[in-house]
Amino acid sequence: MKTKSELLFEKAKKCIPGGVNSPVRAFGSVGMSPRFIESAKGSYIIDVDGKEYIDYVCSWGPGILGHAHPQVIEAVQKACEKGLTYGAPTEKELELAELIADLIPSMPVNRLVSSGTEAVMSAIRVARGFTGRDKIIKFRGCYHGHSDGLLVKAGSAALTTSVPDSAGVPADYTKNTLVASYNDQSSVERLFEENEGEIAAVLVEPVAANMGVVLPEEGFLPFLRDITKKNGSLLIFDEVITGFRLALGGAQQYYGVMPDLTTLGKIVGGGMPIGAYGGRKEIMDMVSPVGPVYQAGTLSGNPIATTAGIETLKILKQDINIYNRLEKKTELLAETVREVGNGIISVNQIGSLMSIFFTPETVKDYEGAVSSDTDAYAEYFRYMLGHGIYLAPAQFEAMFVSDAHSEEDIQKTIFAMKEFFTDKKINDRMELI
C-alpha cells in the first residue's frame, strides 16, 4: 500500500513541475519519493504519514533555533493580527535594518528583498552600477540563486566566459560572467589579467555550501580582498548560508575579512521568505530612489517576515553561548563519522555546517566534491531516513545543526551513523569507491 506522501507526490506531479516547487525536494538523486511534511517542532519534522524525523536540513539553513520557536511564533501571531502585507513602509523594516547593521558592520546601509536569489541579483547590479563595469567573477561549484546571469558552468579548465547551465538562458546573459576555481588564487589572477579594468566584482560564498561544505583555504579570502581592492573591483560575500549561522557576524566575522557588499537569505526572516543586501553608504546610495540602480519589490520588508527576523536575531544576539553549543554538537557528529568512516570518506565541518563526502580524498574544491560516489550517499541517506533521521536528499548539500537538537538527538544520530558504517555489506561496497 502506498503511503500518503507517495500518493500526494503522484497527485502533485500533475499540476506542479516534477511534483515539487524546488528541484532538490523531489528526492531524485537518492532514488526515493519525497516526504510531504505536515508540521515541525524543535529538532523534529513530522510527515503526513505521522512519521517523525530528527531534522538536519533546517529549511536549508535558517532554522538555527529549531522549528517553531515559541518566542518567534508568538511575535508572528501578534503581527498577523495586524495584517499580512501593506506595500508601504513599516517600523519593523527599520528595526530589522538597524539590527543587521549592528551585527554585520560591513552592512551599515542595507535593503530588504524577498529571497537570497533576489539579494544576490541586486548586489551584482549595484556593483556594476557603482564601478561602471560589466564583468563579474564567480566560482565553480558556488551557487548564488537562479538568476540568469549566474546559471553558468565552466568547461574543463576553461576559466573564460561561460555558457548557460540552464535551458531558457540566452548566452548573452552570461557573457559577462567569468568562472574561477574555488581556493585557486592563480585562476582568479588570470581572469583579472585577461580582463583588466573590466571586472565589477568578485562574488563568492566565503564558505562554499552548495557543493557540500567546502572551507576556504588559509589566505584565500584575504587574497580576494586584496586583489579586488588593487583592481578597483568590489568583493561580494554571498552569506545566504553562513550569515548569522557561522557566527553572529557571519563568515566575515569568523574569518576577519570585510567585503564591500553582503547578501543574506532566509535566516534574516527566521526562515520566512526574505533576503537582504547591503554595504557602504557610497555604494548603496546607487540604489533607487537615491541613485540610478533600480530595484523594487511589493513584498520587500514584509511585516510578518521582518517580525520573525527581528525575534530570531534578538535571540541569537542575547544568547552568547549558542554558537559554542552548535559547534560542539556538530564537531561530535563530524568526529564520530570520520572515525567510523575509516578513511573511505571525507568530512568537512565548520561551526554548525557539515558535509560527508563519499570519497577518500580531502575535498577543497569543486573537482574534489564531484569525485564523491553519489550512489553511496544515496544508500546512506536511505539508511538514515529509515532510522528517523532527515538529511539533505543530495550529496552536494550541507547538513545543519540547530540549537534545538538535544543530546539525545545527537546520540541517536551517532548510533545510526555507526550502524551504517560498520554494516559489513555497506563497508564492502564502499571499499570499491
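Buried, in what follows, means under 20% relative accessible area, exposed means over 50%, and partly exposed lies in between, computed with a 1.4 Å probe on protein chains only. By that scale, Asp184 is partly exposed, because its relative accessible area is 27%.

Good morning, colleagues. The model is a predicted one, in which local features need pLDDT of at least 70 and side-chain atom pairs count only at pLDDT 80 or more, while totals for chains, interfaces and linings use all residues. Residues are numbered from 1 along each chain as its sequence is written, and side-chain values use heavy atoms, with hydrogens and water left out.

Let me stay with Asp184. This residue is found in the loop between strand S8 (177–180) and helix H6 (185–194); helices (H or I, at least four residues) and strands (E, at least two) are DSSP runs numbered from the N terminus. The Asp184 side chain makes a polar contact with that of Ser186, at 2.6 Å. A polar contact is a pair of N or O atoms within 3.5 Å; within protein, one must be able to donate a hydrogen and the other to accept it, and residues adjacent in sequence count only if both atoms are side-chain atoms. Phe139 is 45 residues from Asp184 in sequence, and their C-alpha atoms are 9.6 Å apart.

Ser43 sits in another loop, between strand S1 (37–41) and strand S2 (44–47). Ser43 is buried, since its relative accessible area is 6%, and its side chain makes a polar contact of 2.7 Å with the side chain of Asp409.

I turn now to helix H13, residues 374–386. At the start of H13, a side-chain oxygen of Asp373 reaches to within 3.0 Å of the backbone nitrogen of Asp375. The buried residues of the helix are Ala376, Tyr377, Ala378, Tyr380, Phe381, Met384 and Leu385. Just after H13, Gly388 takes a positive phi of about 80°.

What is the arrangement of the rings of Phe358 and Tyr377? Their centres are 6.1 Å apart and their planes lie at 80°, so the pair is edge-to-face. Here, rings of Phe, Tyr and Trp (its six-membered ring) pair if their centres lie within 6.5 Å; planes under 30 degrees apart count as stacked, over 60 as edge-to-face, and the rest as tilted. Phe358 lies in the loop between strand S14 (353–357) and helix H12 (366–369), and Tyr377 in H13, so the pair ties together parts 19 residues apart in sequence. Both Phe358 and Tyr377 are buried.
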